[in-house]
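Hello,

Here is the structure for your files. Please open it alongside this message; my notes follow below.

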Amino acid sequence: CEVCLSGPVEHRHHKLRRSQGGTNALSNLIACCTNCHELIHRHPEASYKSGLLVRGLDTGKEPC
């Protein structure tokens, strides 16, 4: 896991959410374990501050 550096890689996390135009480009992906992936999405403001999530242009869609 690129976040905790100890968990098994189980997910591809998109820093820019797919609903906001994020792609599967390696520069937009983080390999992470289930626990870290859940934490990223459960605490979005902290994730934005740490760069684990990035804000896209307003698409008018709710983030998923």
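The structure holds 2 salt bridges. Bear in mind that this is a predicted model.

**Salt bridge within a helix**

R42 and E38 pair through their side chains, with 3.5 Å from N to O. Both residues sit in helix α1, which covers residues 34–42. They are 4 residues apart, or about one turn of the helix. E38 is partly exposed, because its relative accessible area is 41%, between the 20% and 50% cut-offs.

**Salt bridge across the chain**

The side chains of E45 and R55 form a salt bridge as well, at 3.0 Å from N to O. This pair links distant parts of the chain. E45 belongs to helix α2 (residues 44–50), while R55 lies in the segment after α2, 10 residues apart. How exposed are the two partners? E45 has a relative accessible area of 46%, so E45 counts as partly exposed. R55 has 54% relative accessibility and therefore counts as exposed, since the cut-off for exposed is over 50%.

As background, side chains of opposite charge can pair when their charged atoms come close.

**Nonpolar core**

Which residues make up the largest nonpolar core? The 5 residues are I30, I40, Y48, L52 and L53. In soluble globular proteins, nonpolar side chains tend to be buried together.

I40 is worth a look on screen. Leaving out residues up to four places away in sequence, I40 touches V3, H13, S47, L52 and L53. Two of these contacts, L52 and L53, also belong to the core.

Best wishes

Terms used
Residues numbered from 1 in each chain as written. Predicted model: local features only at pLDDT ≥ 70, side-chain atom pairs only at ≥ 80, totals over all residues. Heavy atoms only, no water. Salt bridge = Lys/Arg side-chain N within 4 Å of Asp/Glu carboxyl O. Helix = DSSP H or I, 4+ residues; strand = E, 2+ residues; numbered from the N terminus. Buried < 20%, exposed > 50% of the residue type's maximum accessible area, 1.4 Å probe, protein only. Core = buried A, V, L, I, M, F, W, Y, C linked by side-chain atoms within 4.5 Å. Contact = heavy atoms within 4.5 Å.
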